[in-house]
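Reader: Hi, I am new to this structure and would like to be walked through it slowly. Could you show it to me before we start?

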Amino acid sequence: MTGNAFQESEERQILRQEVAKLASTFGREYISKKIEAGEKTTELWEAIGKAGYLGVNLPEEYGGGGGGIGDVAAVCEELAAAGCPLLLMVVSPAICGSVIARFGSEEQKRKWLPGICDGSSTMAFAITEPDAGTNSHNITTTARRDGDEWVLKGQKIFISGVDEADNVLVVSRTEDAKTGKLKPCLFVVPTDSKGFSYTHIPMEFGAPELQFQVFIDDVRLPADALVGDEDAGLIQLFAGLNPERIMAASFSTGLGRFALERTVSYVKQREVFGAPIATHQAIAHPLAEVKIEIEMSRLMTQKAAALYDAGDDMGAGEAANMAKYAAAEAACHAADVAVQSHGGMGMTKEYAVANVLMAARVGRIAPVSREMVLNFVGMHSLGLPKSY
Ligand SMILES: Cc1cc2nc3c(=O)[nH]c(=O)nc-3n(C[C@H](O)[C@H](O)[C@H](O)COP(=O)(O)OP(=O)(O)OC[C@H]3O[C@@H](n4cnc5c(N)ncnc54)[C@H](O)[C@@H]3O)c2cc1C
């Protein structure tokens with residue numbers, strides 16, 4: 001999609017408007033009710049899938065919209081801005097969809113992409129392990145060849161949405177590359193495989209998507225469960241991680257916009273000393289700061305998406321890290337200012353801004369922590385020595 005450097009194409013702007021319109025028919029109240037009831041947001045997921053927004057970044061011949069990561073990021077941002085953030089959008093169409101579309105065989109694309117696009121077959125993504133944590137080079141989930149099959153063994157932690165996924169894209173390593181620098185290989189593992197199990201990790205924030213520890217005990221997989229080339233796994237993994245960061249940035253930007261928009265409307269009508277509280281600079285200035293921070297992180301996200309869509313993986317990597325960092329910081333600030341500007345109402349369920357505090361905080365930790373982004377920028381952008 002083309003536009004000038006500082007304005008999105010007309011097509012993208014229309015996409016945003018249409019997604020915002022659809023999301024408004026659900027609204028924050030829908031999500032809050034689902035969280036209270038411990039239910040999934042299946043109706044919303046299906047609605048965006050049916051409208052073609054879920055797989056808007058994926059190739060048309062497999063049920064997608066033929067657009068780029070910037071398009072699916074716009075969908076993710078508009079949903080979050082409308083109070084309907086969908087965490088699994090970061091994972092299913094953006095990470096898993098991008099990796100399979102770029103590196104999967106023709107058969108694999110036909111098998112998995114249509115379900116990812118229309119929402120009928122969600123794919124979770126599992127890289128994090130309890131003992132490796134941030135240091136992905138230390139992952140120990142191992143794939144062993146046995147005749148025509150693969151046998152997978154390992155453990156994963158904080159895997160979002162396994163309970164609502166049909167498959168999980170699991171990052172592992174082969175037996176011959178068991179130690180040393182990570183040479184990852186990626187497998188699609190059906191969640192109903194024998195030997196695949198998971199336990200729920202209770203979290204302190206309310207979201208319809210749940211987190212799980214995953215146990216992979218000698219899961220047998222057919223040869224075609226391996227996505228792409230077993231020796232080119234790192235490039236393939238990075239093809240998924242840039243979209244992940246761009247989507248995480250859009251998710252955070254959307255959360256920030258949601259908090260800001262609610263607060264602007266509240267401070268205009270709330271009167272305490274005979275005038276709306278918005279007339280006090282102590283209220284107005286923090287909101288103006290948040291607006292600037294959101295616009296800046298949005299711009300960086302659009303740059304990262306444009307570079308990725310133009311095939312510049314290296315340039316996109318730097319921009320995606322920066323965008324993710326900036327957007328998470330902006331969202332955390334937005335949530336804090338929102339709660340403070342609402343006074344006591346900021347802590348109520350009715351005004352729905354307190355929950356953004358925790359949701360925005362996740363953006364500083366996942367999918368990559370702010371410290372690891374700073375390490376990356378220090379080392380790659382500034383040429384400083386490696387610090388870890
Ligand atoms: C809500 C949520 C959803 C998630 N969903 C998924 C998912 O779907 N799939 C998946 O695979 N993972 C998922 N994760 C995992 C997430 O990516 C990790 O939590 C994250 O990468 C951090 O790893 P860790 O929790 O092991 O922290 P640790 O590695 O234990 O790090 C703890 C702290 O130490 C800091 N630290 C560590 N090393 C360094 C260093 N060298 N320099 C500076 N600071 C350092 C970190 O930045 C962090 O602040 C999710 C996490 C959350 C919270």
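Author: Let us begin with helix α10, residues 354–365, whose buried residues are Asn355, Val356, Leu357, Ala359, Ala360, Val362 and Gly363. Buried means that 20 or more other C-beta atoms lie within 10 Å of a residue's own, exposed means 12 or fewer, and partly exposed is in between, with C-beta atoms placed from the backbone. Helices (H or I, at least four residues) and strands (E, at least two) are DSSP runs, numbered from the N terminus.

Reader: Is this an experimental or a predicted model, and how are residues numbered?

Author: This is a predicted model, in which local features need pLDDT of at least 70, side-chain atom pairs count only at pLDDT 80 or more, and totals for chains, interfaces and linings use all residues. Residues are numbered from 1 along each chain as its sequence is written.

Reader: Okay, and what covers the buried part of α10?

Author: The cover includes α7 (233–269) and α9 (313–342), where contact means that two C-beta atoms, placed from the backbone, lie within 7 Å.

Reader: Where is Pro367, and is its peptide bond from Ala366 cis or trans?

Author: Pro367 is found in the loop between α10 and α11, and the bond from Ala366 to Pro367 is cis, with omega near -5°. Most peptide bonds are trans, and most residues other than glycine have a negative phi.

Reader: Which strand holds Phe158, then?

Author: Phe158 lies in strand β3 and has a positive phi, near 60°. Phe158 counts as partly exposed because it has 19 C-beta neighbours inside 10 Å.
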